[in-house]
Amino acid sequence: SVPPSGNGKMTMRFLLRSLKDSWKITAGLAMKKVIRDDILCRELFFDSGPGDDAASRYNGVTDEDIKRYQANFERDSMAMIDLGDLAGKLPSKSTVNGIAEFIIDKDFDKPCLVVGAADDFIVDNEGVIESARYFAVQDEVVTVDSAHDVMLGGKWKNCAKELETWLQTNFA
């Protein structure tokens with residue numbers, strides 16, 4: 001997801017941390033290389049981590065899974081995002097001290113959950129914290145042991161378990 005301030009600040013943080021990783025994100029997403037480059041797709045979304053066997057190395061995401069996800073990415077990329085329109089809406093101007101006005105003005109009392117991934121290649125921790133602040137849940141950020149796509153791959157149960165706990169706590 002895109003933090004409420006937009007991608008600009010996060011992009012600058014990535015550029016300052018690593019030109020190589022910034023290039024991978026730009027090439028993978030803006031240039032849509034994740035659609036054809038299996039290795040880049042794995043690295044950005046599924047964390048091809050260390051391991052002696054394919055299951056460890058590929059984090060439970062098979063080559064067939066990657067091809068299926070790439071086909072989905074390609075299909076989804078046909079619906080073009082109007083970046084000019086999005087840029088006009090971000091950063092969100094409807095905030096008070098970083099919190100969404102609809103939460104403050106409407107006496108919003110619904111529980112909100114913001115999930116971050118410990119090994120996220122695309123959204124950094126600062127972006128997750130900013131999103132949490134936007135929904136006034138900065139004390140309830142859940143960080144799961146996963147890559148960017150927290151509900152896919154071998155570590156999906158980590159996020160599912162956190163989500164189940166949160167649902168039981170807030171709606172039991």
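Helices here are DSSP runs of H or I with at least four residues, numbered from the N terminus. In this predicted model, helix H8 covers residues 125-134. Ala-136 follows H8 and has a positive phi, near 60°.

Most residues other than glycine have a negative phi. Two further non-glycine residues take positive values. Lys-32 has a phi near 60°. Lys-32 sits in the loop that links helix H2 (19-30) to helix H3 (38-46). Its relative accessibility is 31%, so Lys-32 counts as partly exposed. Asn-97 has a positive phi of about 55°. The loop holding Asn-97 runs between strand E1 (95-96) and strand E2 (99-100). Exposure over 50% relative accessible area is the cut-off for an exposed residue. Asn-97 reaches 71%, and therefore counts as exposed.

H8 also has a buried set. Gly-127, Val-128, Glu-130, Ser-131, Ala-132 and Tyr-134 are the buried residues of this helix. An α-helix has 3.6 residues a turn, so residues three or four places apart point the same way.

Strand E3 (114-117) and H8 each supply at least two lining residues. E3 gives the most, with four. By class, the lining divides into six nonpolar, five polar and one charged residue.

How values were computed
Residues numbered from 1 in each chain as written. Predicted model: local features only at pLDDT ≥ 70, side-chain atom pairs only at ≥ 80, totals over all residues. Heavy atoms only, no water. Buried < 20%, exposed > 50% of the residue type's maximum accessible area, 1.4 Å probe, protein only. Nonpolar A, V, L, I, M, F, W, Y, C, P; charged D, E, K, R; others polar.
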